[in-house]
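Welcome to a short tour of one protein chain. Please take a look at the sequence and the model below, and then we can go through some details together.

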Amino acid sequence: MLEAPPHAPTEKTGPEQSESLLARLLAEIAATPPATISFEDLTGVTLDNPPIALPYHLRIHTCQFCMFAKASPESHQHCVRNKMAANRIAIRRRQSFVGQCHLGLTDLVKPLLFQDTVLGVFYFGSFVLVGSETAGRQKIRTFCRRHGFDAAAYLTAFERAPRLTS
């Protein structure tokens, strides 16, 4: 499943808010810095079941760094490919793991299993794991050199990303 081009997350308030319990739960978690949460629906379960429907901004990484990284169609495609790889790992392992993206940010990855089928994947994170900064900066430099992006801009965004300790 490919992500659509990124847009700034929108907040719903007032009477038009008819979000599901799952959406409200994820929004509550996402509103508590420093990390965010999203759910990658691999089977359409949130689309087919209105009680657990999720708005777009809870189905993609929307932290400031990720929105910067997805700002151009070319860089966005690298994020899509990275997330597809993480989804494949979650499907194969069928258990939680800690992953680091191609730009050095960390996510806690948790597949949602029902009757031994992975319905989707929860992503909690998009943070810099304290102690991984050097490796993260090197990933950024390598990525930018290979693909012609401005390493300074990515490194600046990386320095602003939230930090968490293990």
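This is a predicted model: local features need pLDDT of at least 70, side-chain atom pairs count only at pLDDT 80 or more; totals for chains, interfaces and linings use all residues.

With a relative accessibility of 2%, A69 counts as buried, where buried means under 20% relative accessible area, exposed over 50% and partly exposed in between, using a 1.4 Å probe and protein chains only. A69 sits in helix α3 (residues 64–69). Beyond its neighbours within four places in sequence, A69 touches S75, H76, C79, L103 and Y154; contact here means heavy atoms within 4.5 Å.

Residues are numbered from 1 along each chain as its sequence is written, and side-chain values use heavy atoms, leaving out hydrogens and water.

Now for the whole chain. It has 6 helices and 5 strands, arranged along the sequence as α-β-α-α-α-β-β-β-α-α-β. Helices (H or I, at least four residues) and strands (E, at least two) are DSSP runs numbered from the N terminus. Of the 166 residues, 44% count as buried. Among contacts between residues at least 6 apart in sequence, 59% join residues at least 24 apart.

Next comes a helix pair. The axes of α5 (residues 133–147) and α6 (residues 151–160) come within 9 Å and cross at roughly 155°; axes are lines fitted to C-alpha atoms over the stretch in contact, with angles from 0 to 180 degrees between N-to-C directions. That makes α5 roughly antiparallel to α6, a label for angles over 145 degrees. From α5, the residues E133, G136, R137, I140, R141, F143 and C144 meet A151, Y154, L155, F158 and E159 of α6. Y154 is also among the contacts of A69.

What about the backbone? Most residues other than glycine have a negative phi, and most peptide bonds are trans.

| Residue | Phi | Relative accessibility |
|---|---|---|
| Q115 | near 50° | 68%, exposed |
| D116 | about 65° | 56%, exposed |

Elsewhere, a cis peptide bond with omega of about 15° joins P33 and P34. P34 belongs to the loop between α1 (21–30) and β1 (36–41).

Terms used: Angles under 35 degrees count as roughly parallel, over 145 as roughly antiparallel, 65 to 115 as roughly perpendicular and the rest as oblique.
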